[in-house]
Amino acid sequence: MRAYAAKTRVGADQFAAVLEDIAANGLPSVENCTPWEELREAHLARSPRNARPSP
């Protein structure tokens with residue numbers, strides 16, 4: 001339970017840092033962003049469900 005709480009705190013801290021950066025600097029331009037479809041595909045490729053079984 002403590003490990004889960006620590007992981008959740010880390011995620012919340014990272015999210016807060018992103019929001020603070022956006023508040024201070026605004027959103028990045030569209031040209032400097034990665035489309036969500038590419039991010040999704042990269043995430044799915046890293047997913048253990050899609051990993052190849054080791055021989």
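**Labels and their grounds**

Modeller: The protein chain has two helices and zero strands. The model is a predicted one.

Biologist: How many of the residues in the protein chain are buried, as a percentage?

Modeller: Of its 55 residues, 2% are buried. Buried is a label for residues under 20% relative accessible area. The accessible area of the protein chain is about 5,500 Å², and carbon and sulfur atoms supply 60% of that.

Biologist: Why is helix 1 said to lie largely in the open?

Modeller: Helix 1 has 24 residues and the number of them that are buried is zero, so helix 1 lies largely in the open.

Biologist: What span does helix 1 reach from its first C-alpha to its last, and what is expected?

Modeller: Helix 1 reaches 34 Å, close to the 34 Å expected at 1.5 Å a residue. Just after helix 1 comes G26, with a positive phi of about 80°.

Biologist: Why is F15 called exposed?

Modeller: F15 is in helix 1, which covers residues 2-25. The label exposed needs a relative accessible area over 50%. F15 has 54% relative accessibility, so it counts as exposed.

Biologist: Which residues form the nonpolar patch on the surface?

Modeller: The patch is formed by F15, V18, L19, I22 and L27. Together these residues have about 490 Å² of accessible area. To join such a patch, a residue needs over 30% relative accessible area and no salt bridge, and nonpolar side chains are joined within 5 Å. F15, at 54%, is therefore over that area cut-off.

Biologist: What makes the pair E41 and R40 a salt bridge?

Modeller: The side chains of E41 and R40 meet at 3.1 Å, N to O. The cut-off is 4 Å between a side-chain nitrogen of Lys or Arg and a carboxyl oxygen of Asp or Glu, so the pair qualifies. By this rule the count comes to one salt bridge. In general, side chains of opposite charge can pair when their charged atoms come close.

Biologist: Why is the pair also called a polar contact?

Modeller: The side chains of E41 and R40 make a polar contact at 3.1 Å. The limit is 3.5 Å, and residues adjacent in sequence count only if both atoms are side-chain atoms; this contact is between side chains, so it counts.

Biologist: Where is E41, and why is it called partly exposed?

Modeller: E41 is in helix 2, residues 36-46. E41 has a relative accessible area of 43%, so it is partly exposed. R40, at 36% relative accessibility, also counts as partly exposed.

How values were computed. Residues numbered from 1 in each chain as written. Predicted model: local features only at pLDDT ≥ 70, side-chain atom pairs only at ≥ 80, totals over all residues. Heavy atoms only, no water. Patch = residues over 30% accessible without salt bridge, like charges linked within 9 Å, V, L, I, M, F, W, Y side chains within 5 Å. Areas by Shrake-Rupley, 256 points an atom, 1.4 Å probe, with all protein chains shown as cover. Helix = DSSP H or I, 4+ residues; strand = E, 2+ residues; numbered from the N terminus. Buried < 20%, exposed > 50% of the residue type's maximum accessible area, 1.4 Å probe, protein only. Polar contact = N/O pair within 3.5 Å; in protein donor to acceptor, adjacent residues only side chain to side chain. Expected span 1.5 Å × (residues − 1).
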